[in-house]
Amino acid sequence: MPYLIDGLANRQPRQAVAEGCFRPTSRLKHMPHTKAIAGICAATWLAILVGCGDAPRRLQAPPVVSLNDADPRLVELLDELHGAVRAAPRSGEMRGRLAMAYDVNGFADAALDTYRQAELLDQGEFSWPYFGALLLGKRGDLADALAAMERALANDPKYIPAWLSYGAWCLDEGRLEKAADAYENARALGAGSPAVAGLAQVQLRRQQPAAAVALLEPVNAELRHPHLYRMLGSAYRALGRHEDARIAFARGRLATPMRWRDPVLAKRANFIASFGGQITYAQQLIQAERIDDAIEVLAPWQAEYGEDAVLLGTLASAYIGSGDLQRAFPVLQRGLALHPDDFHFHFHIARLYAQEGNAASAEKHLRQAIQLNPSQAVVHEEFGHLLLSQGRPDEAAVAFDAAIRHGAVNGSELLHATGLIEAARGNWEAAVERFTRATEIDISLTRTYVHLARSLAETGRFAEARAALAWAERLGTHRDEVAAAAQLVEAMRAQSASVEHT
Amino acid sequence: MGGRWPRLFLIGLVSGVAGACADYGSASAPWFEEQAAQRGIDFRHQSGFSGRYLLPEIVAGGPALLDVDGDRDLDVYLVQSGSLLDADSPPNRLYLNQGDGRFVAAPAGHGADHRGYGMGAAAGDYDDDGDVDIYIVNTGNNVLLRNDGQGRFEDVSAAAGVDDAGLSTAALFADIDADADLDLFVGNYVDWHISMARDCYVQGILTYCPPQNYNAPAPDRLYRNDGNGAFTDITATAGLDRAFGNGLGATATDFDQDGNIDIFVANDMMVNQLWMNQGDERFQDEAAYRGCAVDEHGTAKAGMGVATGDVDDDGDADLLVVNLRGQTDSFYRNQGGWFQDATQEMGLSATSRRHTRFGVVLADFDNDGYLDLYQANGRVGPREGVQGLGDEFAEPNVLYRGTADGRFELIPDGGLAASLVHTGRGLAVGDVDDDGGLDLLVVNRDAPPYLLMNRVHDRGNWLRFRVVTDSGRDAYGAVVSALVGTRRVFREVDPEGSYLASSDPRPHFGLGAETALRDVKVRWPSGPRPAVEAFGDFKAGRTVVLQRGRGRPAAW
């Protein structure tokens, strides 16, 4: 995970029996009356369901869902969990387990009902109102979601992801003070950048851009996260700092969201029953860079689904992600043998061959991948890098162009690369065109402006070269390269003037 | 000066009383009645689903409301999808309005019965001959149908050079180079071909893949109208190849009021693009800088349909993007050319998450002078527990009433007596029975469409304009400004937006209790000066033609 939250790893396990709803938490800045409200809400809610403080008089059976066409494993799992509930009807844990199974297998309504039953029976447990709150939030029942989260936080006021969700929903409800308090609590617990981002969001909503900048700049100096850059951009723009805003927005142009670990949420994954669900979960784990966890999820399915293309591809990706190329290779070979028309296998095995220095095999498989699916920018890009490494810049430039045409995420970097290729060949006008296009996509690329300036100078356009360098200097990075380029451009200008004079 | 106080006070007082008493479009009484079949529309959309989950099947289906035969009523064009596996798809259908909002199928030989895997349609008079032409977006080659003025069409795609192949979605006509003819923007979704089709598991259920699984966003296209029946692809020279995504919705308007038409593209699970027109056939994506690339939380949502409208009466176009279930709508309030995510302020942050929204329009259904909001909904992943039991993607549509304090209030059951549930996709708006109430046409996946006739029983007064160029074509991009009482209201000639659809371009003004619109002005989008003309005052209850050159020069 790129953005770990301090404190989560040290989170103390909760006691199984509630200590009461209103444990003091002196470290936290609580919202006025929040605990009282949460307590009243929780007490009222429980009273309605079970009668004030008494043991449940009559327990409802958990809901049953229709399972048409469902995976037999899911049917079996739900059957087993229903059996456990019948065997221990007063066990909140059993109902909670059933609720989690409903939740992660796509039965939101049944999950909500069952979480409520579990919460009723297991009043000190954090998870059930927490999971219920997340479901309610997702469906847009924000008032109910906030109430459920308050009940969860009354059980564990130190759980950072709960405060972060609470803060976001408060923002969505326009309750800025409550949002600010939630994010302050998260920050006090060590949430780090997600809490600061939330606090900055509150300040932007309050039309206090200077306060947002004061929050964001120190954090972003370390993290350089797109979301923080974008918020900084909004704040700069509101302050009339338009150039700073444009640079910040350029640096925040990728839509990478802020992420944080949620270990409580992760425990629901044990109840994903179907093969497809497990595959989806493993892919999410890979995206979250929890590669070992993904392999643990995927490996057991090989016995039964060993020929499945999605399983083989996902497993190979996981092995590659973990750096275990020895195990990735046979998986990809098996995938290729079984699914020779699936470009994924050609692409991934080509990358392995390239890493091993087997350029011929890498090229063969990349060509096949492109033939099978010409729309994959990432394959064209890989092909370009391979060709470049083989000393074939002309062909590499063609491959990079194809990647750009097919929507490469890093189009500006590829344009920069093709600009360098043109520059190396002395095609200065073409280089100018490439570097200019790159800067049209991203105005924050200092080194591209440096090369643009050099290329402009080569074509005798010294004023434009100086302007490019002035902007590069304004960007504030790679100062040595900018200075060197400025000296070079000036020398070229002087030489050009001298020649003209002569 | 002092002598005017009492009168001004009186006007304010009367307006205030009228505003306080008027309550157009109650929350309890139905706003619409579904009458497609009884009004003669026997179309049934076919996605072609036959067991394989092929991406276009889950996002297809678009309508157009347009006057193909020049008889001043709205005809209906419905794009059929058919089958991605079988070349012999059923044709698109054209229904002619009999003048009272009842329809008959156009007689054979009309030429608009194109067969392809249809997605949606855009309408516009590209050849400036006074009749509306149709551009059909397909999975496969797109088609331009030229209207001969009698409602008969000829396929001129190849000659015009706009037969873009791919999985196209949002197409729109707009005069992007201000040369008084309509250019063409084509939004593309995914670089998809049936040979690349994949199956995906969503929560363990085999279903359609989200676009990111294909990892192949498709570049959009911009075609310049050369004025001789042909178009030139200027995508690269205009800079539109600098960024692209999984485009589903698009709209064109002059967001920063610099006299040039800009283009907004909503992308599915990727950042949006806002192509700001630099005025020299070049565009720059400024979505991030101007605040509409992602939402307030930094999330690139599943942008689908798009609507524009001046919801806050400040003279610039606000922007609404609708998204996937679990994600809020994004209401981007235009603050002089840059955008503030005002979704929460508009009352949309909670309720909008309940469904997957595709078609979307901002229109004044109850004629109270405030824009209401209608959304056509339908999931892209199956509902829990209904696999194999009918339409597993179906969801109810949603209606919000726009209020005087600038928010949207949810109306029960989508404004119907009882909620209808299908898989809604394309959505167009227009007054098909010409009774002063705006009606809706919704295409439903694998089902008949809805023709939702406006039944708001206490609608306010209304006035509608057909705003045309010197040559007589609808002046797309022109803005009409008028006083409703003391409030200045702005409405645009804008048939585009929504999702895969083309709507009635005529600006419609709800007047509430007012009986006239005063100080009507038009700001023209292109061509020779003057850019603004004044046309005076107009009584309510009719459609008035405002033609360029017939007004007097005025300040905006």
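Tutor: Let us begin with a term: two strands count as paired if DSSP finds at least two bridges between them. Keep in mind as well that this is a predicted model.

Student: With that in hand, which residue is the bridge partner of Asn147(B) in E9(B)?

Tutor: Strand E8, residues 143-147 of chain B, is joined to E9(B) by three bridges, and the two strands run antiparallel. In E9(B), the partner of Asn147(B) is Phe153(B).

Student: In the open sheet with the order E20-E21-E22-E23 of chain B, which residue stands opposite Arg333(B)?

Tutor: That open sheet has four strands with antiparallel pairing, and its edge strands are E20 (306-309) and E23 (339-341) of chain B, each of which pairs on one side only. Neighbouring strands here are turned by 20 degrees on average, direction ignored. Strand E22 (residues 330-334) of chain B pairs with E23(B) in the antiparallel sense over three bridges. The residue in E23(B) that stands opposite Arg333(B) is Gln340(B).

Student: Why is strand E18 of chain B described as largely enclosed, and which residues lie on each of its faces?

Tutor: Five of the five residues of E18 (residues 273-277) of chain B are buried, so the strand is largely enclosed by the rest of the structure. In a regular strand the side chains alternate between the two faces of the sheet. Both faces of E18(B) are covered, with buried residues on either side: Leu274(B) and Met276(B) on one, and on the other Gln273(B), Trp275(B) and Asn277(B).

Student: Which residues of the hairpins on either side of E18(B) take a positive phi?

Tutor: E18(B) pairs antiparallel with strand E17 (residues 262-267) of chain B over three bridges, and three bridges also join E18(B) to strand E19 (residues 283-285) of chain B, again antiparallel. Among the bridge partners are Phe264(B) with Leu274(B) and Trp275(B) with Asp285(B). The hairpin of E17(B) and E18(B) has five residues between the strands, and there the phi near 65 degrees belongs to Met269(B). The hairpin of E18(B) and E19(B) also has five residues between its strands, and the phi near 90 degrees belongs to Gly279(B).

Student: Turning to chain A, are H5(A) and H6(A) roughly parallel or antiparallel, and what is the handedness of their crossing?

Tutor: Helices H5 (residues 127-138) and H6 (residues 142-155) of chain A pack at an angle of about 160 degrees, with their axes 8 Å apart. Angles over 145 degrees count as roughly antiparallel, and H5(A) and H6(A) are therefore roughly antiparallel to each other. The contact includes Tyr130(A) and Ala133(A) of H5(A) and Met149(A) and Ala152(A) of H6(A). Their crossing is left-handed.

Student: Is Ser193(A) buried or exposed?

Tutor: Ser193(A) belongs to helix H9 (residues 193-205) of chain A, a chain of 502 residues in which buried residues make up 54%. The cut-off for burial is under 20% relative accessible area. At 10% relative accessibility, Ser193(A) therefore counts as buried.

Key:
Residues numbered from 1 in each chain as written. Chains lettered and ligands numbered in written order. Predicted model: local features only at pLDDT ≥ 70, side-chain atom pairs only at ≥ 80, totals over all residues. Heavy atoms only, no water. Axes fitted to C-alpha atoms, helices over the stretch in contact; angles between N-to-C directions. Parallel < 35°, antiparallel > 145°, perpendicular 65-115°, else oblique. Left-handed = near helix turned anticlockwise from the far one by under 90°. Contact = heavy atoms within 4.5 Å. Buried < 20%, exposed > 50% of the residue type's maximum accessible area, 1.4 Å probe, protein only.
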